[in-house]
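Try each task before reading its solution.

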Amino acid sequence: MDGNRGAQRSGMGAPSGGAGLDAAVLGGRTTGAWVQGLIEAVNAIRPTAGYTEPAGSTEPACGAEPVGSAELGAELIDQLRGLEDLKSAAAAAQARITVAFDTVQRRVQADLGVPADERGRGVGAQVALARRESPARGSRFVGLARALVTEMPRTLAALDAGQLNEWRAMLLVKETACLSAEDRCAVDGELAADTGAFDGAGDKTITAAAKAAAYRRDPRTVTQRAARAAGERCVSLRPAPDTMTYLTALLPVAQGVAVHAALSRHADTLRSAGEDRSRGQIMADALVERTTGTPSGISGVEVQLVMTDRTLFQADAEPARLTGYGIVPAAWARNLLASSPGSDEDPGQAGLPQAGQPESGEQDFKVWLRRLYTAPGTGELLAADSRARLFPPGLRRFIQVRDDVCRTPYCDAPIRHYDHVVPWHQGGTTSLDNGAGLCEACNHTKELPGWTAQTSAATSPGERHLFEIRTPTGHAYRSKAPPMPGTPLNGDPPVMAAHFFGDLFHRRHRPELRRPA
């Protein structure tokens, strides 16, 4: 997804003594000059056409000794350290600006009559867009900023001085989150990060120190926090390299240990009986089989695989796209259609299944193919409009394939809502052009006062779907639907313009490949 930020409007200010706003922010008298100076400072360290290497960095002639290499090396290390300190100082400035922005937004919402318990909604999403991050991370940044500016001044000072980076400051904030404001401020003073107490300390050391200090300050609250943590148990899935995924379970310690022990015993039993698979492979396979009830893991759920006809039928090398995961190799995609998922068969040796010729031991599942025709050169999916109030299943399927993940810029969350970009009550149509796949959080944020969204009127015929969202501050952010497999980014027409996605279901009959009539 492309995320392009529109015209910028920025302000800078810091709460005075942990409360209130800098008068310059509210008055707007120095904001423009400050922002201009910031832009010039950033441009000063960016490589440009007139950029010159540091003195002495010219490559020596072949076989010659570099001139002043020791001095140059020391200078380069000093530059790295200086830039790292600059990043920390910038993170501290961002924290102050974030708190100032949050205060301004809450005042604006109060003037609009928004109830007190609903003020501040949408602030995290706006911060995320400005920082080119996901909305979930934006909310965490807002929480971090509030804690640093209002409750942990010594940690903020350490961030200012480059004694901590943003990640380690976040660790201190996270481990003291259960404390009251007074106790958190006391722990901040006890740790005294701005004195260099954590110089040379790693993440684990900092985390352990914060945990111990928090427990000494309020043992009951820390204990209650551990008890409430069981309510946060969940299972999540995220992509891993090489067509793998991380299936993560957050469990209470007793249950987690029990699950791991059961899988370990099973693996040890099979290994002692002469099983060739490694211990880790056996544990992973047992987890899949015990959860889904089938060795391959295909248990009647739909798997959408998008590829070009050339990849499917002509062994082309153009990668495919697995909905919910991302790009996968062409040979792997063909192997998924041709053999049992999760088998150890070499993907490069897999061909298409032939009706009436099932291979011995092959897992049974059914494959459907649906043809999705795209515009030459751009890969934009083509579909008919619908007059229905809700998106019908066929149109939802098209939007899912076209958008792949949430269309809010920088948000890669799974699609949960099929949204009317221009709302239905404002005359928006239930059509492919006016539809966008969004996660639940982004869809709710889009409905807040001051937020608007549209598809670009300047989109030329056949261009990939363009989604634009505008925040209450007037900033515009755009995202373009990801290109379909086989669509060149330079706009050159592909050889053919037909794409397919397969629906894989587990069934008790031989594999067969079907085409629609």
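Helix axes here are lines fitted to C-alpha atoms over the stretch in contact, and angles run from 0 to 180 degrees between N-to-C directions. Helices (H or I, at least four residues) are DSSP runs, numbered from the N terminus. This is a predicted model, in which local features need pLDDT of at least 70 and side-chain atom pairs count only at pLDDT 80 or more, while totals for chains, interfaces and linings use all residues. Residues are numbered from 1 along each chain as its sequence is written, and side-chain values use heavy atoms, with hydrogens and water left out.

**Exercise 1. Determine how H5 packs against H7, and which residues meet.**

Step 1: The axes of H5 and helix H7 (residues 166–175) lie 10 Å apart, and the helices pack at an angle of about 75°. Angles under 35 degrees count as roughly parallel, over 145 as roughly antiparallel, 65 to 115 as roughly perpendicular and the rest as oblique; H5 is therefore roughly perpendicular to H7.

Step 2: With contact taken as heavy atoms within 4.5 Å, H5 contributes Phe-141, Leu-144, Ala-147 and Leu-148, which meet Glu-166, Ala-169, Met-170 and Val-173 of H7.

Step 3: Sort these residues by class, where Ala, Val, Leu, Ile, Met, Phe, Trp, Tyr, Cys and Pro count as nonpolar, Asp, Glu, Lys and Arg as charged, and the others, Gly among them, as polar. The contact of H5 with H7 then has seven nonpolar residues, no polar and one charged.

**Exercise 2. Describe the contacts that H5 makes with H4 and with H3.**

Step 1: Helix H4 (residues 123–130) and helix H5 (residues 135–150) have axes that come within 7 Å and cross at roughly 105°, which means that H4 is roughly perpendicular to H5.

Step 2: On the H4 side are Val-123, Gly-124, Val-127 and Ala-128, and they meet Pro-135, Gly-138, Ser-139, Phe-141 and Val-142 of H5. This contact comprises six nonpolar, three polar and no charged residues.

Step 3: The axes of H3 and H5 are 8 Å apart, at an angle of about 105°, and these two helices are therefore roughly perpendicular to each other.

Step 4: From H3, the residues Ala-95, Arg-96, Thr-98, Val-99, Asp-102 and Arg-106 meet Val-142, Ala-145, Arg-146, Leu-148 and Val-149 of H5. Here the division is six nonpolar, one polar and four charged.

**Exercise 3. Which residues line the two largest cavities, and which helices supply them?**

Step 1: A cavity is a set of points, on a 1 Å grid over the protein atoms alone, where a 1.4 Å probe fits but cannot get out, and its lining residues have an atom within 4 Å of a point. Searching the whole structure gives three cavities of 30 Å³ or more, a volume being the space filled by probe spheres set on the points, which are joined across faces, edges and corners.

Step 2: The largest cavity holds about 80 Å³, and its lining includes Ala-125, Ala-128, Leu-129 and Trp-451. H4 and helix H16 (440–446) each supply at least two lining residues, with H4 giving the largest share, three. The lining has seven nonpolar, two polar and no charged residues.

Step 3: The second largest cavity holds about 50 Å³, and among its lining residues are Ala-95, Arg-131, Phe-141 and Glu-166. Helix H3 (69–111) and H5 each give two or more residues to this lining, and the largest share, four, comes from H3.

**Exercise 4. Decide where the coordinates call for caution.**

Step 1: The chain has a mean pLDDT (the predictor's confidence in each residue, from 0 to 100) of 76, and 70% of its residues reach 70 or more.

Step 2: Residues 383–387 stay under 50, with 10 contacts beyond four places in sequence. Residues 492–497 are also below 50, with 15 contacts beyond near neighbours in sequence.

Step 3: Where pLDDT is low, the predicted coordinates should not be read in detail.

Conventions: 1 Å grid on protein atoms, 1.4 Å probe; cavity = no way out; pocket = protein on both sides within 12 Å on 5 of 7 lines; lining within 4 Å.
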